[in-house]
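The following exercises treat one protein chain, and each is followed by a worked solution. Please examine the sequence and the model before reading the solutions.

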Amino acid sequence: MKWNPFNTSVGLALGGGAAKGIAHIGVLKAFEEEGVRISYISGTSIGALVAAYYAFGKTTDEMLAVGEQLSFKRMTSFSLLRKGGFFTTDAIRDMIVEDLGDVDIENALIPLAICTTDIVSGEQVVLEKGNLANAVCASVAVPGVFSPVEIDGRKLVDGGLVENVPVSLVEDLGAGIIVGVDLNGVKRYPEPSGMIDVLGNAIDICMDLKTRDQLKQADIVLSLDLTHYSRADNTDRIEPLVMEGYRPMKAKIRKLLWFKRTNTLRYILKVLIDIVPLKVPEFIRRKLKETLPSITIR
């Protein structure tokens, strides 16, 4: 429960999902068209890459050019010289530096937080400052596939191991209303067609239970069914995948505006229900719960 009923700033948390992350561009396009300002943004894995581009001022139209490069073959560099993975994230780093410059996270136009995992300690490592390209590369480094990225003495990998939709990060940044985008919202898994799909399914299965629990922190959850899209390459279906994120967000975004307007009322009702339960008869408490504004975007 948030204790500032007047904080209606929007925080957007973009989840992991490899090449399916093109759908995030559609979500952002819906925000742009409706004129809803995103005050804080966070990302895990592919969500970190998309969040980074948006936080540093790229429009959704400009980001579509990046989407055309989001395939496993284009975004990886094979190496036998690195320990911990068959591939490096060098190609991703080069793309970020070319498009955004060799910049630091704290210089973003929108406050940005990137979720990673320390592969040695198992701890979540949240990056809010330091080199942007290194941070994103760490967040996308799927264990066993990509070599870990060393930052400040820590070996960092895919943040999805600890928080695949990093809603806690935007809350910590200061968001009053949290929107979480889950690219694996439907709990079934596609038939694997290669090593990347097998590893991806295994990781998703491990993460999903934890993700469902963590998403309870979000005020609005956008759960997408992208089971018919590839984890490795969707460059031949960019427009349909963008629309997978755009349509549901566009259809429901006015409810987000309504949510902002009723934030103070929600706060008062929650206080009545949770803080002074002994002073409110049970049948009234049940009625209040039934009337609380509640939004789940699916």
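## Exercise 1: Cysteines and the overall fold

A search of the whole structure finds zero disulfides, a disulfide being a pair of cysteine sulfur atoms within 2.5 Å. The model is a predicted one, in which local features need pLDDT of at least 70 and side-chain atom pairs count only at pLDDT 80 or more, while totals for chains, interfaces and linings use all residues. Residues are numbered from 1 along each chain as its sequence is written, and side-chain values use heavy atoms, with hydrogens and water left out.

Task: State whether Cys115 and Cys137 are buried or exposed, and describe the chain as a whole.

Solution. 

Step 1. Apply the accessibility classes: buried means under 20% relative accessible area, exposed over 50%, and partly exposed in between (1.4 Å probe, protein chains only).

Step 2. Cys115 has a relative accessible area of 0% and is therefore buried. Cys137, also at 0%, is buried.

Step 3. For the chain of 298 residues, 53% count as buried.

Step 4. The chain has 11 helices and 11 strands; these are DSSP runs numbered from the N terminus (helices: H or I, at least four residues; strands: E, at least two).

Step 5. Taking contact to mean heavy atoms within 4.5 Å, consider pairs at least 6 apart in sequence: 75% of these contacts join residues at least 24 apart.

## Exercise 2: Salt bridges

Task: Determine how many salt bridges the structure holds, and which residues Lys250 joins in a network.

Solution. 

Step 1. The criterion is a side-chain nitrogen of Lys or Arg within 4 Å of a carboxyl oxygen of Asp or Glu. The structure holds eight such salt bridges.

Step 2. One of them pairs Lys250 with Glu33 at 2.9 Å, N to O. Lys250 belongs to helix H9 (residues 238-261) and Glu33 to helix H1 (residues 23-34), so that distant parts of the chain, 217 residues apart, are linked.

Step 3. Lys250 is partly exposed, because its relative accessibility is 25%. Glu33 is likewise partly exposed, at 42%.

Step 4. Lys250 also meets Glu34 in a salt bridge (2.9 Å, N to O). Because Glu34 lies in H1 and Lys250 in H9, this pair ties together parts that are 216 residues apart in sequence. Glu34 counts as buried, at 19% relative accessibility.

Step 5. A further salt bridge joins Asp118 and Arg154, with the closest N and O atoms 2.7 Å apart. Asp118 is in strand S5 (residues 112-118) and Arg154 in strand S9 (residues 154-158), so the pair ties together parts 36 residues apart in sequence. Asp118 is buried at 5% relative accessibility, whereas Arg154 is partly exposed at 32%.

Step 6. Through shared partners, salt bridges join Lys250, Lys29, Glu33 and Glu34 into one network.

## Exercise 3: Helix packing

Task: Characterise the contact of H5 with H6 and that of H1 with H2.

Solution. 

Step 1. Axes are lines fitted to C-alpha atoms, for helices over the stretch in contact, and angles run from 0 to 180 degrees between N-to-C directions. On this basis, helix H5 (residues 90-100) and helix H6 (residues 132-140) pack at about 145 degrees, with their axes 9 Å apart.

Step 2. H5 contributes Ile92, Arg93, Ile96, Val97 and Leu100, which meet Leu132, Ala133, Asn134, Val136, Cys137 and Val140 in H6.

Step 3. Classify these residues: Ala, Val, Leu, Ile, Met, Phe, Trp, Tyr, Cys and Pro count as nonpolar, Asp, Glu, Lys and Arg as charged, and the others, Gly among them, as polar. The contact of H5 with H6 has nine nonpolar, one polar and one charged residues.

Step 4. H1 and H2 pack at an angle of about 35 degrees, their axes being 10 Å apart. His24, Leu28 and Glu32 of H1 make the contact with Gly47, Val50 and Tyr54 of H2. By class, three of the residues are nonpolar, two polar and one charged.

## Exercise 4: The setting of H2

Task: Explain why helix H2 is described as largely enclosed by the rest of the structure.

Solution. 

Step 1. The buried residues include Ile46, Leu49, Tyr53 and Ala55.

Step 2. Just after H2, Gly57 adopts a positive phi of about 95 degrees.
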